[in-house]
Amino acid sequence: MGGGKQRRQRGPRHLSPAVRLERRTLWTQNAVTGKAVYGESLRKFSGKEHRRWDPTRSKLAAGMLRSKHDPGLLLPEQGTTVLYLGAGHGTSVSHLYDHLCGNNNRFGGRLVCVDIAPRCLRDLTFMAKQRPGLVPVLGDARQHGAWGVLLPTKVPWLFQDVAQAGQVEIFLSACQRFLQPGGLGLLSLKAASERWTGEGEAALFSSVEQRLLQAGYAVPEVIELTGYEDNHRLFVVEKMEA
Ligand SMILES: C[S@@+](CC[C@H](N)C(=O)[O-])C[C@H]1O[C@@H](n2cnc3c(N)ncnc32)[C@H](O)[C@@H]1O
């Protein structure tokens with residue numbers, strides 16, 4: 001070997017069998033080949049079609065790219081049952097489905113996604129037609145009584161992105177009812193949705209972290225999403241083992 005500089009190989013990282021990190025770009029193996037969900041690009045890796053996961057359209061993707069830890073740790077285990085509150089039109093949900101369930105739900109996952117807006121439910125229901133295991137629910141995240149029966153046992157992973165006032169209370173109440181001990185909860189918090197008390201955004205985020213800690217959760221990471229989603233942070237919480 002000569003004395004020249006060696007170039008470091010920077011190959012892809014597989015965050016799960018279906019999620020791939022190519023440099024700073026996330027891709028998920030498309031569960032419904034030939035179809036993009038929101039205009040994202042499609043590309044083949046090793047003959048398998050993938051969809052580009054846009055971090056400016058998905059706080060989960062943004063959180064994964066910004067996390068100081070292994071980004072794969074923010075994902076649920078493949079083939080498990082999870083709860084997503086504030087599913088919107090299904091941008092993040094579609095990528096989560098690729099990972100959790102795969103083509104025709106070959107991994108046996110179940111993704112219960114709740115949204116209060118009928119327009120969103122139309123899109124989610126359309127999406128679910130080709131994605132067995134995706135369960136769209138027209139409901140209010142604050143009113144578990146109306147839809148909680150769909151989750152008779154607690155889940156290992158819960159994500160909330162409702163962007164409305166009272167986000168922390170909604171999240172804590174959902175975690176108490178649906179998250180299993182040792183489970184992971186992710187709260188995407190939009191500062192502008194909370195009642196503004198004038199103390200500044202940093203103080204607001206810090207008080208949210210304190211409330212999560214006081215409620216008995218561990219908060220291993222608070223991820224700054226600015227640049228992908230301004231005025232947002234992603235709070236990562238773990239429910240203590242009983
Ligand atoms: C920022 S969007 C979600 C985007 C989505 N998480 C994604 O990454 O593709 C927030 C969503 O929360 C929904 N939402 C607001 N308040 C809600 C509530 N109380 N219960 C359920 N959904 C709610 C809205 O209808 C909206 O679709």
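Leu186 has Val236 in strand S12 as its bridge partner. The two residues belong to a pairing in which strand S10 (residues 179-190) and strand S12 (residues 232-239) run antiparallel and are joined by 7 bridges; strands count as paired if DSSP finds at least two bridges between them. The model is a predicted one, in which local features need pLDDT of at least 70 and side-chain atom pairs count only at pLDDT 80 or more, while totals for chains, interfaces and linings use all residues. Residue numbers start from 1 along each chain as its sequence is written.

The protein has 6 helices and 12 strands, these being DSSP runs numbered from the N terminus, with at least four residues (H or I) for a helix and at least two (E) for a strand. Its radius of gyration is 18 Å, close to the 18 Å that the globule rule gives for 242 residues, so the protein is as compact as a globular protein of that length. That radius is taken over C-alpha atoms, and the rule is 2.2 Å times the number of residues to the power 0.38. Of the 242 residues, 41% are buried; a buried residue has 20 or more other C-beta atoms within 10 Å of its own, an exposed one has 12 or fewer, and a partly exposed one lies in between, with C-beta atoms placed from the backbone.

The S10-S12 pair belongs to an open sheet of 7 strands with mixed pairing, in the order S8-S7-S6-S9-S10-S12-S11. Strand S8 (134-138) and strand S11 (217-224) are its edges, each with a single partner strand, so one side of each is left without a neighbour in the sheet. From one strand to the next the twist averages 15 degrees; angles run from 0 to 180 degrees between N-to-C directions, with axes fitted to C-alpha atoms, for helices over the stretch in contact. Helix H2 packs on this sheet, touching S6, S7 and S8, and its direction makes about 165 degrees with that of S7. Contact here requires C-beta atoms, placed from the backbone, to lie within 7 Å. Strand S6 (residues 81-85) runs parallel to S7, joined by 5 bridges, and Thr81 is the bridge partner of Arg110 in S7. Of the 6 residues of S7, 5 are buried, so this strand is largely enclosed by the rest of the structure.

In H2, 10 of the 10 residues are buried, so the helix is largely enclosed by the rest of the structure.

Of the 20 residues around the ligand, Gly86, Gly88, Thr91, Ser92 and Ala141 come nearest; a residue is near if its C-beta atom, placed from the backbone, lies within 6 Å. Thr91 and Ser92 are among the buried residues of H2.

Definitions and conventions. Contact = placed C-beta atoms within 7 Å.
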